[in-house]
Amino acid sequence: MTPDTDETSSLRKGPGADAEGPVALAEGLRVLRAPNPSPMTHTGTNTYLLGERDIGVIDPGPSIPAHLDAILHAVPKGGRISHILVTHAHRDHSLLAGPLSDATGAPVLAAGGYAARRRPVMAALAEGGLVGGGEGVDVDFAPDQVVEDGECITGEDWRLEAIATPGHIADHLSFAWGEAIFTGDHVMGWASSLVSPPDGDLTAFLTSCERLAARPARAFYPGHGDPVTDPAGRLAWLVSHRGTRDAQIRAALGAASESTPAEITKRVYTDVAPALLPAAERNVLAHLIAGWEAGKIFASPALSATARFSLA
């Protein structure tokens, strides 16, 4: 789930939406779209089916029985689901992993749980009582096999390389498949990614963008929406967008001696529907934390979601 709230959240159809079955995207790759459209999930969660006989399922999706049935019915005669891969522990990506594993015997592979790879600053904020902003963390998710950065996972006719891409959430993984990358909620074409501390981490997010930009790719297959056909351009836009947002937040801070994240959000997000303001405030907090870490922003009396912030 995901978008920075300045972007469109209107729902539109795309490959896999309301389809009778999986839609082919490339040789050996199909997509099923879960029936969970919303302003935060766009047209629904993309479940990718990789391979012809040993099927790797990437992001099984939310706990919807009809979607479980659709995945099982998409397995060709004589084939099997051999791997279940989860990009990150948000409920719209991970909840169906357990039932699908129970139905097929396939192991669940992921980074190890939503909080396993938090940086110290985020761990300290969580220990101080900061919790997520309602973005749907699957707190009980635990994979059968923990996947490390750079680890390769293979089926009969496919091979994936795991790429640690924390930022949207600490345990986020992307998976490289030749010259294509499954990017989960880190890079999407329809919206920017929600970064909500302490699970979301803007400093880590930007570093992950740099990691992906260093890899040549012809396409990104995101967790929601259509394939991204200009990966380099999309990554450049994401970084530029965050830079623009950072400048807006700093300008809002400069207009007052001290401000809370809620006050800054109202100054910066002037054209956002009220229902999306809480998500916008989480993005603002992510920028404030990154600025505090860089020594550019003060937090009084101490760094927290309720601190009063000012320019250093």
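Phe175 has its bridge partner in strand S11, and that partner is Phe182. Their strands, S10 (residues 173-177) and S11 (residues 180-184), pair in the antiparallel sense over three bridges. Keep in mind as you look around that this is a predicted model.

**The sheet around this pair**
- S10 and S11 belong to an open sheet of five strands, which runs in the order S8-S9-S10-S11-S12 and has mixed pairing.
- At its edges you will find strand S8 (152-154) and strand S12 (219-222), each of which pairs on one side only.
- From one strand to the next, the twist averages 30°.
- As background, the strands of a sheet pair through backbone hydrogen bonds, in either a parallel or an antiparallel way.

**A helix across the strands**
- Helix H5 (residues 202-213) lies across S11, S12 and strand S9 (159-164).
- Relative to S9, helix H5 runs at about 145°.

- Tyr48 and Tyr221 are both buried.
- Phe182 turns up again here: together with Tyr48, Trp177 and Tyr221, Phe182 forms one aromatic cluster.

**Charges over rings**
- Arg242 places its charged end over the ring of Phe205, 5.6 Å from the ring's centre.
- The charged end of Arg245 sits over the ring of Tyr269, 4.3 Å from the centre of that ring.

Conventions: Residues numbered from 1 in each chain as written. Predicted model: local features only at pLDDT ≥ 70, side-chain atom pairs only at ≥ 80, totals over all residues. Heavy atoms only, no water. Pairing = 2+ DSSP bridges. Helix = DSSP H or I, 4+ residues; strand = E, 2+ residues; numbered from the N terminus. Axes fitted to C-alpha atoms, helices over the stretch in contact; angles between N-to-C directions. Contact = heavy atoms within 4.5 Å. Buried < 20%, exposed > 50% of the residue type's maximum accessible area, 1.4 Å probe, protein only. Phe/Tyr/Trp six-rings, centres within 6.5 Å; stacked < 30°, edge-to-face > 60°. Lys NZ or Arg CZ within 6 Å of the ring centre and 35° of its normal.
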